[in-house]
Protein chains: 2
Amino acid sequence: MKHVAVGQAGGPTAVINATLAGFVESVKEQCQLTFVEGGYQGLVEENFLYGDSEVIDWVLDNQSVPGACLQSGRYPFHDEAIAEAVRSLKKHQIDTLVFIGGNGTMEALLKVKKEAECQGYFLQVLGLPKTVDNDLGGTDHAPGFASAARSIAQTTKDLSRDLYSMKNFEQVRVLETMGRNAGWLAAAAGAWREYEEEGPHYIALPEQPLNKDTLLRTVKEALSSYGYAIVVVSEGVQWEQGSQIELNQVDGRSILGGISKEISEFISEELNVNTRAELLGMNQRADTSALSPIDTYEAYQLGREGGRWVLEGYDEVMVAVGREASNYYTMEIRPVKLEKVIAEGERLLPAQFITNLKAYYQWLTPLLGGDRPSYPPLSKRRVEYSEH
Amino acid sequence: MKHVAVGQAGGPTAVINATLAGFVESVKEQCQLTFVEGGYQGLVEENFLYGDSEVIDWVLDNQSVPGACLQSGRYPFHDEAIAEAVRSLKKHQIDTLVFIGGNGTMEALLKVKKEAECQGYFLQVLGLPKTVDNDLGGTDHAPGFASAARSIAQTTKDLSRDLYSMKNFEQVRVLETMGRNAGWLAAAAGAWREYEEEGPHYIALPEQPLNKDTLLRTVKEALSSYGYAIVVVSEGVQWEQGSQIELNQVDGRSILGGISKEISEFISEELNVNTRAELLGMNQRADTSALSPIDTYEAYQLGREGGRWVLEGYDEVMVAVGREASNYYTMEIRPVKLEKVIAEGERLLPAQFITNLKAYYQWLTPLLGGDRPSYPPLSKRRVEYSEH
């Protein structure tokens with residue numbers, strides 16, 4: 001009987017446990033299961049949880065629960081730690097290592113594989129994709145992303161109505177999304193926008209340096225036309241060279257998740273309006289109220305298929321999603337070599353989507369699942385044009 | 001035919017438009033309707049939208065949309081502005097003024113009424129309740145509160161799982177809720193807590209000064225027992241006299257929504273752990289993904305009943321919710337004099353709930369509606385006790 005160890009790594013998502021449950025469901029009868037608690041650190045420190053029926057039931061019970069039930073965490077997985085991890089796996093006679101994670105995890109799996117080879121020990125490795133940022137290569141998209149995107153699209157739509165209500169008091173809100181260097185999530189903020197007057201009125205992506213003048217001009221136009229403006233910025237956005245704003249920072253330290261505050265203060269000073277910066281927060285990746293049903297389904301199916309592949313001996317691959325060219329959204333699950341995933345590096349929002357957000361929203365819409373809310377126009381009356 | 005003007009004031013909620021729709025539905029056949037855009041400012045500046053059938057349909061279409069579709073806003077409604085507002089109403093031959101709002105609105109309505117009397121003009125006034133803070137007197141609770149409370153309860157539950165996943169990297173999160181001087185919303189964060197190890201592990205209410213030692217001791221205990229801690233603080237929380245933390249603030253200015261950051265930094269320094277402050281943000285009051293079905297229902301019904309009372313000539317009252325003593329939750333709608341509402345002032349979380357949160361959650365649970373999520377325990381293994 002194959003002895004399979006499975007773990008989760010990095011920032012969790014709302015559906016990472018669905019992938020785990022799918023995987024466990026498909027191998028539990030034919031394999032001995034060991035659960036790694038605490039991601040890579042758990043491998044190194046042998047935080048192994050024996051997969052008896054009670055533990056397996058508990059894992060399956062977590063299917064619809066956000067966060068990583070095995071604890072994913074962060075850990076400096078340097079060469080020495082990897083060697084230690086392999087010794088742990090060898091000691092416990094583990095045949096197969098499966099991890100649910102992003103770019104770093106796919107790289108880690110391959111390093112563990114190579115180190116096992118060096119230690120003269122055959123280890124099958126398989127990766128299951130997970131990222132809210134959607135910056136993982138080799139796959140059309142990764143589980144976790146669509147639910148986060150849906151949460152952001154809905155929140156932006158709702159906050160547009162909220163701010164519009166208060167426009168005699170507060171005129172601009174700068175919403176900051178996750179996404180690191182990739183703009184998939186920030187751009188998703190506009191996916192459910194129905195009207196010109198509805199936000200977001202400006203989206204700042206990390207792929208493009210933010211120009212002061214363009215930002216100000218767009219916000220000014222929204223203020224003139226609609227009386228308020230919603231700006232969405234990705235946490236990884238940077239000012240265009242030479243347009244960097246000078247701020248009195250304490251000891252020159254940069255503040256995590258601070259770009260929205262900087263932009264908000266800049267707009268307030270330049271246009272003399274009341275602004276507010278708002279981080280959409282960790283709930284973007286944990287928000288079970290806004291789960292995409294498609295994302296939940298795919299997360300589980302990818303895990304299940306991964307389980308089958310483990311039984312069939314697939315090695316050094318990640319379970320990826322392919323999209324079939326068709327009028328309808330049809331996904332297929334296919335293996336992609338870990339090497340290929342790693343070679344692709346961080347997958348940014350492609351230029352054809354940046355220059356044509358409508359095309360991006362066409363691509364994105366099926367992933368968000370149904371229930372796109374339809375709201376009436378914001379105002380019944382033509383908003384007067386006023387100088388700002 | 002009675003000429004009725006209706007408006008919305010103050011911070012919007014996810015269901016304030018449901019109340020408006022209910023009201024409009026019940027008077028639209030028997031009254032001439034005028035909609036006031038922009039709250040009190042709209043009254044003063046005669047931002048009146050004539051209620052023809054097209055406008056009425058648009059208002060009704062907003063029933064499930066968050067934010068105030070008429071724009072509520074904030075405005076310094078001083079005596080001169082009130083006199084101006086009355087002149088506007090008189091000029092447009094308005095017989096009845098209805099506003100959806102909180103404490104300030106009930107006070108404003110009575111002032112408008114008195115000023116109309118002074119101007120020798122009979123004006124019927126009626127208030128419809130709205131507040132996420134639940135600090136409105138004369139009513140068991142007010143529409144908007146339960147949906148915000150549900151959003152907070154769900155988010156706290158989800159973020160517990162999220163942080164637990166990451167506890168080798170980040171140990172404490174300080175979540176900040178709305179509520180001003182009242183702790184109803186902050187306390188609601190624990191309404192769906194199922195296990196000792198699940199957050200929130202500490203809730204700081206504005207009704208009680210926050211003691212440094214109690215906070216630290218509780219967080220330390222959670223860290224020792226579960227490896228992480230979720231602290232929830234109301235935006236109105238203040239440190240106990242003498243336990244005020246000294247911070248290097250720029251020019252000594254206080255930061256709006258800053259108490260969570262202060263508490264987070266304090267815990268980090270004292271316990272040498274990684275912490276993060278997180279404002280739950282404006283989405284608390286606009287979150288349509290976490291709407292309470294009971295709240296939505298009540299919001300509409302209160303509006304509808306208010307419409308009937310307008311036709312029956314009720315004056316100087318607010319439409320309030322009463323709770324019938326019974327094993328089941330049964331609400332009744334009843335009038336309460338505006339004077340009584342105002343005399344009660346800001347309604348804080350009562351002492352019997354502060355000292356017994358279980359009793360508070362029994363009171364709150366029916367308002368949150370169904371679908372309380374049931375999650376499995378966080379860990380299958382006993383967490384080791386470690387010194388911090």
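Chain A and chain B bury about 4,600 Å² between them, with 53% of that area on carbon and sulfur atoms. Buried area here is the accessible area (1.4 Å probe) that two parts lose on being put together, summed over both. This is a predicted model, in which local features need pLDDT of at least 70 and side-chain atom pairs count only at pLDDT 80 or more, while totals for chains, interfaces and linings use all residues; side-chain values use heavy atoms, with hydrogens and water left out. Residues are numbered from 1 along each chain as its sequence is written, and chains are lettered from A in the order in which they are written.

Let's stay with the interface for a moment. On chain A, 56 residues are in contact with 56 residues of chain B, where contact means heavy atoms within 4.5 Å. Between the two chains there are 22 residue pairs in polar contact, both residues being at pLDDT 80 or more. A polar contact is a pair of N or O atoms within 3.5 Å; within protein, one must be able to donate a hydrogen and the other to accept it, and residues adjacent in sequence count only if both atoms are side-chain atoms. Four elements of chain A, β3 (48-50), α3 (53-61), α6 (145-165) and β9 (275-279), each supply at least two residues of the side that touches chain B. The largest share of that side, 8 residues, comes from α6(A). Helices (H or I, at least four residues) and strands (E, at least two) are DSSP runs, numbered from the N terminus. By residue type, the side of chain A that touches chain B divides into 22 nonpolar, 19 polar and 15 charged residues. In this scheme Ala, Val, Leu, Ile, Met, Phe, Trp, Tyr, Cys and Pro count as nonpolar, Asp, Glu, Lys and Arg as charged, and the others, Gly among them, as polar.

Now for the salt bridges. The rule asks for a side-chain nitrogen of Lys or Arg within 4 Å of a carboxyl oxygen of Asp or Glu, and it finds 39 salt bridges over all chains. Across the interface of chain A and chain B there are 2. In one salt bridge, the side chains of Arg285(A) and Asp162(B) meet at 2.7 Å, N to O.

Arg180(A), at 47%, counts as partly exposed. The cut-offs are under 20% relative accessible area for buried, over 50% for exposed, and partly exposed in between (1.4 Å probe, protein chains only).

Another pair is Glu198(A) and Lys157(A), whose closest N and O atoms are 2.9 Å apart in a salt bridge. Glu198(A) lies in the loop between α7 and β7 (202-204) and Lys157(A) in helix α6, so the pair ties together parts of chain A that are 41 residues apart in sequence. Glu198(A) is buried, at 0% relative accessibility, and Lys157(A) is buried at 2%. Salt bridges that share partners also join Asp162(A), Glu170(A), Arg173(A), Arg276(A) and Arg285(B) into one network.

Cys69(A) is buried, at 4% relative accessibility, whereas Cys118(A) is exposed, at 67%.

Finally, the backbone. Most residues other than glycine have a negative phi, and most peptide bonds are trans. The peptide bond from Gly199(A) to Pro200(A) is cis, with omega near 0°, and Pro200(A) sits in the loop between α7 and β7 of chain A. In chain B, the bond from Gly199(B) to Pro200(B) is cis as well, with omega near 0°. Asn134(A) has a positive phi, near 60°; this residue lies in the loop between β5 and α6 of chain A and is buried, at 1% relative accessibility. Asn272(B) has a positive phi near 55°, but it counts as exposed, at 71%.
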